[in-house]
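Please look at the model below before reading on.

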Amino acid sequence: MLQSTSRKRRATGSAEGQKVGGHLGVPCCGAGMEDDAPVIYGLEFQARALTPQTAETDAIRFLVGTQSLRYDNQIHIIDFDDENNIINKNVLLHQVGEIWHISTSPADKGVLATCYNKTSDSKVMTCAAVWRMPKELESGSHESPDDSSSNTQTLELLCHLDNTAHGNMACVMWEPMGDGKKVISLADNNILLWDLQESSAKAVLSSSASLEGKGQLKFISGRWSPHHNCTQIATANDTTVRGWDTRSMRQIYCIENAHGQLVRDLDFNPNKQYYLASCGDDCKVKFWDTRNVTEPVKTLEEHSHWVWNVRYNHSHDQLILTGSSDSRVILSNMVSISSEPFGHMVDDDELSDQEDQHQEEKIKEPLQDSVIATYEEHEDSVYAVEWSSADPWLFASLSYDGRLVINRVPRALKYHILL
């Protein structure tokens, strides 16, 4: 039976999980078990915003933003100690409203952006701001200080991304290879390119573009491409996926009716510059070559409800993660459209004539795509899935009831890819 996406249920975290402000080693489900066992952490509030700390490439760290109408919202900094299967967490107060989206600077471990609800004159607006976390929390750490000395800490506001003239913010995207000074926000039907000044205390709107046409045009999500010198982004609105050039703020491609229903999320292949994945309310995940957008290159139909998230693995682009309102996370091996469709190439010198002939026959045939694993640790809609920035074999998923699950790529597949 499908879970309702609007179900209001508070997750009951462990005693450790409910304590605000402490940096605690939380024993996890799966601790001390075999390497592929999931690790589960319960937040005390509902949540739908998850991001890896992009600039942190040594420690395994995720940030989760909560959605509570009655209490101050929080950002949970989740450090995963993979040797001991233990989560260390810190909690920062985010007092301005429910967090709908969270993203982190690619250059500065301490800087992040949130999109959040704000009530003004009985109207609810979704705003965006850039924040800095306390200095001592910037880097991933497995050290647990004496709990009695820990106080709840708050985020330092660096600047607002002023959207008073542009509408509700859907997401904030950082320039992937940049110095953390350029961000793009999507607000209703506007694309806004911001320059964060040296002090980071002010965001200057440097250029913008608008969706034009009939009806209620509104962006749902977007991704900034790591290719083409970071001059392209892709956006989703209604059932359409569009590409934009950030220099001219002009549309460069348009995939109309990319999905039969609302497009929820996008991601670029990190290794193949024209390849883009999309997912949506038609329960499908589609893969596109943006040079020819008439038909998808591949389509996945494994979920039974809306697909909220799709993510390429940063190092091994055949590995695709998806999360859905069917409460499942699916890991797929889309090897035929990856940067190594024929598998790992062997040096000619290592092959005998007979092996050489056999290898040539194998090379003609791309490897088969398949679903590697379906993860069912969630009981509510999975709103976010993300790969770790530090460990390409580890990923996190977040469901609306505040359950965060950390999983690993199955060991057999990992060794198959590496060897």
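Is Lys109 buried, exposed or partly exposed? In this predicted model, Lys109 has a relative accessible area of 25% and is partly exposed, because only values under 20% count as buried and only values over 50% as exposed.

The side chain of Lys109 forms a salt bridge with that of Glu56, with N and O 3.4 Å apart. Lys109 sits in the loop between β7 (99-104) and β8 (111-120), while Glu56 belongs to the loop between β3 (46-52) and β4 (60-67), so the bridge ties together parts that are 53 residues apart in sequence. Glu56 itself is buried, at a relative accessible area of 3%.

Another of them joins the side chains of Lys135 and Glu138, at 3.7 Å from N to O. Here Lys135 is exposed, with 63% relative accessibility, whereas Glu138 is buried, with a relative accessible area of 10%. Both residues also belong to a network of salt bridges that includes Asp108 and Arg132.

A further salt bridge connects Lys298 and Asp369, whose closest N and O atoms are 3.2 Å apart. This pair links distant parts of the chain: Lys298 is in strand β23 (residues 298-300), and Asp369 is in the loop between α2 (353-363) and β27 (370-375), 71 residues apart. Lys298 is partly exposed, with a relative accessible area of 30%. Asp369 is also partly exposed, at 23% relative accessibility.

Notes:
Residues numbered from 1 in each chain as written. Predicted model: local features only at pLDDT ≥ 70, side-chain atom pairs only at ≥ 80, totals over all residues. Heavy atoms only, no water. Salt bridge = Lys/Arg side-chain N within 4 Å of Asp/Glu carboxyl O. Helix = DSSP H or I, 4+ residues; strand = E, 2+ residues; numbered from the N terminus. Buried < 20%, exposed > 50% of the residue type's maximum accessible area, 1.4 Å probe, protein only.
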